[in-house]
Amino acid sequence: MRELVRRHLGKVVAGSAVAVAATAVLVGVTLPGSDGSGDRQTNAAAAKQDAIAKDGVVQAAPEEGEKGIGSDPLTDAEIERAEKASVSGQMRSSARDVEGDRGPQLLSTNLSEPEPSDSGAAAPRRAEVVYYDYKQDAVITKTVNVETGKVENANTTHNVQPPPSQEELAEGARLLIADPLGKGLKQDFKHATGKALTGPGQLQLSGMVFRKETVKSVPSDLTECGKHRCLQVVTKVKNGPWIDTRSLVVDLSSRSVGRLG
């Protein structure tokens, strides 16, 4: 019996020694070095590198085709074709833009809503080109088939005021700067920049159509607004502060400036 116990204990001890040796081999493979610090540092460095955002790669925009499909925005070629087709020789000679030059003032060019009868990708694409004629104070809207270049519909309306174009905002600012009521604008610009304000190019411009129905009392020089093209021009020093010009209204039709309140 004692012989068997000794042999059994011998096997246990021998087995334990093999297990320890195997563990040592396993540790030696996975954690080389005396304490494994080398791999911990390597792993930490790799994790830190992964956490750093990769540099962005700027890719060139894909080339724009001549034609869009379905409800895609109008391409540059389609816009050019629609605007060229929408202005007839008579309209070019009779209408006037915001500066008083020949031709109507372009306000916007956008993809038209499809007709109820249109369906599928083969439906014709149309552009809605909107102009303002300062000679007759009218909005002129032309619907152009951008595939055929044909004007399919034309409409002239009065007492309608779409949002202003950037050219109109620039002309409004030019009139503000030249008018005596623009004195405060020029003083504020001088105070902010140390320079004299001489033109709209020194300002960042936005604005809106002035609707006289929104104020309680309309000065006598602004009563034609609505029939006339009137704007409130919002001014900001480029890379600088806003300058409050909300009380001033520019009548682009009469080329005059009025003050609210």
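Strand 3 (residues 138-145) and strand 4 run antiparallel and are joined by seven bridges. They belong to a predicted model, in which the protein chain has an average pLDDT of 83 and 74% of the residues score at least 70.

**Confidence**

- Residues 1-34 have a pLDDT under 50 throughout, and the model gives this stretch four contacts beyond four places in sequence.
- Where pLDDT is low, predicted coordinates should not be read in detail.

**Hairpins**

- Four residues separate strand 2 from strand 3 in a hairpin, and Asp-137 in the turn has a positive phi of about 45 degrees.
- Strand 3 and strand 4 form a hairpin as well, again with four residues between them. In that turn, Gly-149 has a positive phi of about 75 degrees.

**Burial of strand 3**

- Strand 3 is largely enclosed by the rest of the structure, because eight of its eight residues are buried.
- In a regular strand, side chains alternate between the two faces of the sheet.
- On one side of strand 3, Ala-138, Ile-140, Lys-142 and Val-144 are buried.

**The loop at Ser-165**

- Ser-165 lies in the loop that runs between strand 4 (150-157) and helix 5 (166-178).
- Ser-165 has a relative accessible area of 6%, so it counts as buried.
- Beyond its neighbours within four places in sequence, Ser-165 contacts Gln-105, Leu-106 and Leu-107.

**Nonpolar cores**

- The largest nonpolar core has 25 residues, of which Leu-176, Val-233, Val-250 and Leu-252 touch the most other members.
- At least two residues of this core come from each of strand 2 (126-133), helix 5, helix 6 (183-193), strand 5 (203-209), strand 6 (230-237) and strand 8 (248-251).
- Helix 5 gives the largest share of this core, with five residues.
- Leu-252, leaving aside neighbours within four places in sequence, is in contact with Val-98, Tyr-134, Glu-168, Glu-171, Gly-172, Leu-175, Arg-229 and Leu-231.
- A second, separate core has ten residues, among them Ala-82, Ala-127, Val-129 and Tyr-131.
- In soluble globular proteins, nonpolar side chains tend to be buried together.

**The disulfide**

- The model has one disulfide, which joins Cys-225 to Cys-230 with an S to S distance of 2.1 Å.
- A disulfide is a covalent bond between the sulfur atoms of two cysteines.
- The link of Cys-225 and Cys-230 is left-handed, with -85 degrees about the S-S bond.
- Cys-225 is buried at 1% relative accessibility, and Cys-230 is buried with a relative accessible area of 1%.

Technical notes
Residues are numbered from 1 along each chain as its sequence is written. This is a predicted model: local features need pLDDT of at least 70, side-chain atom pairs count only at pLDDT 80 or more; totals for chains, interfaces and linings use all residues. Side-chain values use heavy atoms; hydrogens and water are left out. pLDDT is the predictor's confidence in each residue, from 0 to 100. Contact means heavy atoms within 4.5 Å. Buried means under 20% relative accessible area, exposed over 50%, partly exposed in between (1.4 Å probe, protein chains only). A nonpolar core is a set of buried Ala, Val, Leu, Ile, Met, Phe, Trp, Tyr and Cys residues joined through side-chain atoms within 4.5 Å. A disulfide is a pair of cysteine sulfur atoms within 2.5 Å. Two strands pair if DSSP finds at least two bridges between them.
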